[in-house]
Amino acid sequence: MRTRFTWILGIAALISVAVLVACSSKYSASNNGLVVVSTQGNAVMDSFSLDLGNGHTTQIFNSGGPPTNGVPTSVVLDPAGAFAYVLVTQSSTVNQSSTGVQSFTVASDGKLGSGTTTVLSQTSTVVTVCNGPGQFPVQVTVQAPVVPDAMVIDSGGKFLFVADAVTSGQTPTYQCNGTMVTSTVPVPGSVSVLAVSSGSLTEVPGSPFSLPAQTGGTTPSASALAITPTVYPAAYSLCSANVPPATENLYVTDSVNYELLNYSVSSSGVLTLVPTSSTPGIPTGTVPSGVTVDPCNRFIYVSNGQPNNTVSAFTVCNAVLLPTCPNADFSLRPVTGSPFVAGNSPGPLMMDAYANFLYVVDTGQNAISAYRVSTTTGSLTPLSPATITTNSFPTSIAIRSDDTWMFVTNLNQASVSQYAITPSSGALTPQSAFQTDNFPWGVAVK
């Protein structure tokens, strides 16, 4: 009887092992792609193994899913794919949460290690109060926590840049005509800059860098940002044989004043505004909410929300495009024909890895608008078909560096839409969407 019972237990153990093997993925950094998704339902990270031959994705099971220390949004992978970074925001729905950037190690089997969070410094502004008739003006400093909107990592993996929206803070109590007063004032949006070293993050001196005020404008708010590359595509693009610039410029959208701001980035990560002749930035359309830089440093594209529903295009003045620009100073010049018509509420957008096509997530109509990019002028021509559908409420987009696969998160359907890319034509072929935890937001792919 005991022998028979032992035999039954042995068979059960073998079946359990077989089930575990069948339900887990086999991931190899040299043979598979890696897709990382941040999900807000349970505040956890998901990772998936991507079969490069057929595009099939298989979830890599972490024990319980590595939790995030706040509500997660934007996610990026470092260039080597060794670390994943996700923006987290403090919330009463997540225990022991904070606002900052959480770092996760990526193991050889594709699993994400437990993350450590770097809390972002508060932003501040100086305001003049008690400045009514017959009053004596007082200057006070107002501090407030940042409200991160978006994040990008540079192509060398040296810095993380975070776009911070406008927020509000309370002034220190001050005396105004004998009365003690505390007031709430708006605090400008900013850009937080973090230096990256082996997965560790350190906010650089001066961070966060407040967005400039515009004369006659309202308090600025950063909504999206993009960084010029210092590494060009290895092959199959017009710039592959060119020498990329050693310096970087950061472009930030101001969703309140409808501007695109240009910052030079020092070797230590300090930002210096490069103003235009009359305003801090260059005008865009209404409510700019997405920005991307051409992988070859030629053009910049900005998505403009309702009611414009357009994409603004700009030439980046650098050594490659010097014949059309007065100086190679990374200033911007509007592309002829800009802005170009987009879908309803265009948001995140991205160029393909070989710098020939532009894809825009139309958040208001659950679709992607696809364009061919003129390699000489930067003008946009819609592909045929001009749009491809996604699932409900697309939020983020990622394209693999070999220009083969695109991924779009669908917040309302706990899934990621996947598309095969034809590099020669830019055509997207929809694949079966794969499931994630509830409310997926950010996506990154290696």
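Predicted model: local features only at pLDDT ≥ 70, side-chain atom pairs only at ≥ 80, totals over all residues.
Good morning. Cys239 and Cys296 form a disulfide, with 2.0 Å between their sulfur atoms; a disulfide here is a pair of cysteine sulfur atoms within 2.5 Å. The torsion about the S-S bond is -70 degrees, and the link of Cys239 and Cys296 is left-handed. This pair links distant parts of the chain, 57 residues apart: Cys239 sits in the loop between strand E19 (222-227) and strand E20 (248-254), and Cys296 in the loop between strand E24 (288-293) and strand E25 (299-304). Cys239 and Cys296 are both buried, where buried means under 20% relative accessible area, exposed means over 50%, and partly exposed lies in between, computed with a 1.4 Å probe on protein chains only.

Residues are numbered from 1 along each chain as its sequence is written, and side-chain values use heavy atoms, with hydrogens and water left out.

How many disulfides does the rule give? The count comes to 2 disulfides. In general, a disulfide is a covalent bond between the sulfur atoms of two cysteines. Besides the pair already described, Cys130 and Cys176 form a disulfide, and their sulfur atoms are 2.2 Å apart. The torsion about the S-S bond of Cys130 and Cys176 is about 90 degrees, so this disulfide is right-handed. Cys130 lies in the loop between strand E8 (123-129) and strand E9 (138-144), and Cys176 lies in strand E13 (residues 174-176), so the pair ties together parts that are 46 residues apart in sequence. Cys130 counts as buried because its relative accessibility is 7%. Cys176 is buried as well, at a relative accessible area of 11%.

I turn now to the backbone. Where is the cis peptide bond with omega of about 0 degrees? That bond joins Ser207 and Pro208, and Pro208 is found in the loop between strand E17 (200-203) and strand E18 (209-210). A cis peptide bond also joins Gln306 and Pro307, with omega about 5 degrees. Pro307 lies in the loop between E25 and strand E26 (310-316).

Positive phi values in residues other than glycine come next. Gln96 has a phi near 50 degrees, a positive value in a residue other than glycine. Its place is the loop between strand E5 (83-89) and strand E6 (100-105). Is Gln96 buried or exposed? Gln96 is exposed, because its relative accessible area is 78%. Phe439 also has a positive phi, near 55 degrees, and lies in the loop between strand E37 (434-435) and strand E38 (440-445). At 41% relative accessibility, Phe439 counts as partly exposed.

The next topic is a sheet. In general, strands of a sheet pair through backbone hydrogen bonds, either parallel or antiparallel. Here, 4 strands form an open sheet in the order E29-E30-E31-E32, with antiparallel pairing; two strands pair if DSSP finds at least two bridges between them. At the edges are strand E29 (346-351) and strand E32 (380-389), each of which pairs on one side only. From one strand to the next, the twist averages 20 degrees, where axes are lines fitted to C-alpha atoms, for helices over the stretch in contact, and angles run from 0 to 180 degrees between N-to-C directions. Strand E30 (residues 357-362) and strand E31 (residues 367-373) run antiparallel and are joined by 6 bridges. Which residue in E31 is the bridge partner of Leu358? The partner is Tyr371.

I close with the aromatic residues. A search of the whole structure finds 6 aromatic pairs. Rings of Phe, Tyr and Trp (its six-membered ring) pair if their centres lie within 6.5 Å; planes under 30 degrees apart count as stacked, over 60 as edge-to-face and the rest as tilted. The ring centres of Phe159 and Phe161 are 6.1 Å apart and their planes stand at 55 degrees, so the pair is tilted. Both Phe159 and Phe161 are buried. Phe299 and Tyr301 form a tilted pair too, 6.5 Å centre to centre with 55 degrees between the planes. Phe299 counts as buried at 0% relative accessibility, and Tyr301 is buried with a relative accessible area of 0%. Finally, Phe48, Phe407 and Phe434 form one aromatic cluster. Thank you.

Conventions:
Helix = DSSP H or I, 4+ residues; strand = E, 2+ residues; numbered from the N terminus.
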